[in-house]
Amino acid sequence: MRKSVVAIVGRPNVGKSTIFNRLVGERISIVEDIPGVTRDRIYAEGDWLTSTFNVIDTGGIEIGDEPLLVQMRHQAEVAIDEADVIIFLVNGKEGITAADEEVAKLLYKSNKPIVLGVNKIDNPEMRERIYEFYSLGFGEPYPISGAHGLGLGDLLDDVVSNFPEKPEEAPDDDTIYFSLIGRPNVGKSSLVNALLNEERVIVSEMEGTTRDAIDTHLHKDDQDFVIIDTAGMRKRGKVYESTEKYSVLRALKAIERSDVVLVLIDAETGIREQDKKIAGYAHEAGRAIVIVVNKWDTIESDEKAIKEFEEKVRAHFLFLDYAPIVFLSARTKKRLHTLIPAIGLASENHSKRIATNVLNDVLMDAIAMNPTPTLKGKRLKVLYGTQVAVKPPSFVIFVNEPELMHFSYRRFLENKIREAFGFVGTPIKIFARKRQ
Ligand SMILES: Nc1nc2c(ncn2[C@@H]2O[C@H](COP(=O)(O)OP(=O)(O)OP(=O)(O)O)[C@@H](O)[C@H]2O)c(=O)[nH]1
Ligand SMILES: Nc1nc2c(ncn2[C@@H]2O[C@H](COP(=O)(O)OP(=O)(O)OP(=O)(O)O)[C@@H](O)[C@H]2O)c(=O)[nH]1
């Protein structure tokens, strides 16, 4: 189900990044540090009371060296296009500036709810500075201080109350939602078209939940699929759409709604750093993943070539060792038939449940084979484990001291679980919890 999206806009230096970091808090620090993934993040999850939502820091979207006003216009457009609620941020220390008025003008034209935050109100004596901001015409200004974490609760109450009614929950069927991510020109559109036209059973094109986004139904091998629209698949010709940050942002929104993410690689041009970055997001988000090497028609295709390319992919995507690799050509449709079964399998494993007793047989065998580590004379004791969630499969292992569960031992247990139960195509999560 789609989360609501909040965008923060405002002229430079009003404190957008500071507020962004406050809203997304420590969620930004991730479990595994994949190089290049966490840096310059402009899109992340935040929560308030019972709501979880995604936040965009539009300040992070810079378009070449366009003048300030043009940059601000594009940032406001991103917010208007992508967000359900916009936080318009101004600087209480400096009062209203011409640049604030420019941003306001753009926001008037949108029909999105706008909440006005007056930042840098660091102490109660400064509160009276908010009154002049009524003249911007966005209702009550909220005094906040990003630096000190003040006033954010009232602001967020207003933001959350403006979220759209939850869209109808998708019927609890077994439809598989998938998206295609990858660099421009890797062949995303071509692959979608190849899949659709091969099948000729486009049930319908349905309105996506984002404005302009179109999701497509596909029925194949007795299974319903929804292909989620991704950045670059349908160009709308706006300036900011060609920026890397923006395409990453669109990809993240698509990943959010997917069960399975297809990570496309261009066989002709090889693997690039950016491929790794977006794949890292999908992994972090716990989605099932299939790596698709497209344009395989351009490569002299034999078993040896496949093996060599596969080794290259594995070396680049160490963190995706569970993802199957499919080699195909969207253009000639060579090996295209191997894709849908791979998506199906990854999705099945993504929601697979393992009975506790069966899991514990495997864990106990693993421990008997490779004794638990010790630290400062203390030995890790594994009591038992149980699966607590699916999508992705997540396991809690109860132990005497969670700190004794070293990364390498966790990895060993993960490998044993994978050996026993498959889980091809899906990340799995293992948490150690203390139990006497
Ligand atoms: N006194 C005070 N300073 C703040 C507050 N919030 C942010 N700042 C400072 O304001 C400056 C700008 O903050 P940023 O968060 O980088 O602002 P921004 O809007 O993201 O800036 P751009 O990236 O240029 O668009 C920094 O020096 C912050 O430390 C606040 O609540 N009080
Ligand atoms: N040789 C070969 N070319 C392909 C294949 N698939 C796509 N192409 C070509 O690669 C180019 C880009 O394909 P698109 O499908 O537009 O790629 P995209 O990833 O959707 O691109 P963006 O919309 O820019 O993100 C086009 O010229 C395609 O004809 C393939 O399997 N083999």
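Colleague: How do the residues of the shell around ligand 1 divide into nonpolar, polar and charged?

Modeller: The shell holds 3 nonpolar, 9 polar and 3 charged residues. Here Ala, Val, Leu, Ile, Met, Phe, Trp, Tyr, Cys and Pro count as nonpolar, Asp, Glu, Lys and Arg as charged, and the others, Gly among them, as polar. Keep in mind that this is a predicted model, where local features need pLDDT of at least 70, side-chain atom pairs count only at pLDDT 80 or more, and totals for chains, interfaces and linings use all residues. Residues are numbered from 1 along each chain as its sequence is written, while chains are lettered from A and ligands numbered from 1 in the order in which they are written.

Colleague: Thanks! Which residues are the closest to ligand 1?

Modeller: Gly15, Lys16, Ser17, Gly59 and Ala147 are the closest of the 15 residues that surround the ligand. A residue is near a molecule if its C-beta atom, placed from the backbone, lies within 6 Å of it.

Colleague: And which helix gives the largest share of that shell?

Modeller: Helix 1, residues 16–24, with 3 residues. Helices (H or I, at least four residues) and strands (E, at least two) are DSSP runs, numbered from the N terminus.

Colleague: Why does Asn13 count as exposed?

Modeller: Because Asn13 has 12 C-beta neighbours inside 10 Å. A residue is buried if 20 or more other C-beta atoms, placed from the backbone, lie within 10 Å of its own, exposed if 12 or fewer, and partly exposed in between.

Colleague: Switching topic: which residues touch the most other members of the largest nonpolar core?

Modeller: Val263, Val290, Ile291 and Val292, in a core of 110 residues. Helix 6, residues 244–256, supplies the largest share of this core, 7 residues. Such a core is a set of buried Ala, Val, Leu, Ile, Met, Phe, Trp, Tyr and Cys residues joined through C-beta atoms within 7 Å.

Colleague: What is Val263 in contact with, leaving aside neighbours within four places in sequence?

Modeller: Ile181, Gly182, Ala279, Ala282, Ile289, Ile291 and Val292. Contact means that the C-beta atoms of two residues, placed from the backbone, lie within 7 Å.

Colleague: Nice. How do strand 2 and strand 3 pair?

Modeller: In the antiparallel sense, over 6 bridges; strands pair if DSSP finds at least two bridges between them. Asp47 stands opposite Thr52 in strand 3. The hairpin has 2 residues between the strands, and Leu49 takes a positive phi near 50° there.

Colleague: Where is the cis peptide bond?

Modeller: From Lys391 to Pro392, with omega near 0°. Pro392 is in the loop between strand 16 (382–389) and strand 17 (394–399).

Colleague: Last one: how many helices and strands does the protein chain have?

Modeller: It comes to 11 helices and 18 strands. Of its 436 residues, 38% count as buried.
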